[in-house]
Amino acid sequence: MRKTTKLEAVLWSVALPGFGQLLNGQLIKGLTFIFLEFLINTKSSFNHAILYSFLGQINKAFEVVNYQWLMFYPCVYMYAIYDAYKYSTKNTPYLSFLPFVSSAYMVTVGLMYSSKLQFRNVLLGPIWLPMIFLIPGLILGFLVRYILMKCLKKLDECS
């Protein structure tokens, strides 16, 4: 049986958390992530918020979204992507989890500030602002990983 590539596992997990695990042959874990995706999505009215956001009806997105449930989504989503990535290869790069973790934190922060933070007097809402916060989350994670890798390399050279 062919081994799943990292890119394939990540992209299927982006499409739907749990698909990457199914590709990696982890049936129970994959079905668990799919269940969590549907549970959180349904309880938070996430799809309705996405629909209204894409239609430019940000106020309606705020009305339908349930933040108590949606706050779980970034961590579950990013963990599912990382998990699919991690188990699609034998050699996971050291500290490769950092961009995923920092992205989950930053998307959550973006979600928390989505009803207050504006760009050029435009309120982006509970979908667009968290998506924008993904970018600094990735940058921060890769930067911290880079710095830690450099520090660890220097420590190894000194000993």
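Visitor: Let's start with Y113. Where is Y113 found?

Guide: Keep in mind that this is a predicted model. Look for helix α8, which covers 98-112, and then for strand β1. Y113 has its place between the two, in the loop between α8 and β1.

Visitor: Is Y113 buried, partly exposed or exposed?

Guide: Its relative accessible area comes out at 47%. Buried needs under 20% and exposed needs over 50%, with partly exposed in between. So with 47%, Y113 is partly exposed.

Visitor: Which residues make the nonpolar surface patch?

Guide: Y113 is one of them, and the patch has an area of about 460 Å².

Visitor: What about R120: what is its phi, roughly?

Guide: First find R120 in the loop between β1 (118-119) and β2 (122-123). R120 is exposed, at 83% relative accessibility. R120 is not a glycine, yet its phi is positive, at about 55°.

Visitor: And N121, is that one buried or exposed?

Guide: N121 also sits in the loop between β1 and β2, and its phi is positive too, near 60°, though it isn't a glycine. Its relative accessible area is 71%. The cut-off for exposed is over 50%, so N121 is exposed.

Visitor: Last stop, S102. Which residues is S102 in contact with, leaving aside neighbours within four places in sequence?

Guide: S102 belongs to helix α8. At 9% relative accessibility, S102 is buried. Once those sequence neighbours are set aside, the contacts of S102 are G137, L140 and G141.

Key. Residues are numbered from 1 along each chain as its sequence is written. This is a predicted model: local features need pLDDT of at least 70, side-chain atom pairs count only at pLDDT 80 or more; totals for chains, interfaces and linings use all residues. Side-chain values use heavy atoms; hydrogens and water are left out. Helices (H or I, at least four residues) and strands (E, at least two) are DSSP runs, numbered from the N terminus. Buried means under 20% relative accessible area, exposed over 50%, partly exposed in between (1.4 Å probe, protein chains only). Patches are made of residues with over 30% relative accessible area and no salt bridge: like charges are joined within 9 Å, nonpolar side chains (Val, Leu, Ile, Met, Phe, Trp, Tyr) within 5 Å. Accessible areas come from the Shrake-Rupley method with a 1.4 Å probe; for residues, only the protein chains shown count as cover. A salt bridge is a side-chain nitrogen of Lys or Arg within 4 Å of a carboxyl oxygen of Asp or Glu. Contact means heavy atoms within 4.5 Å.
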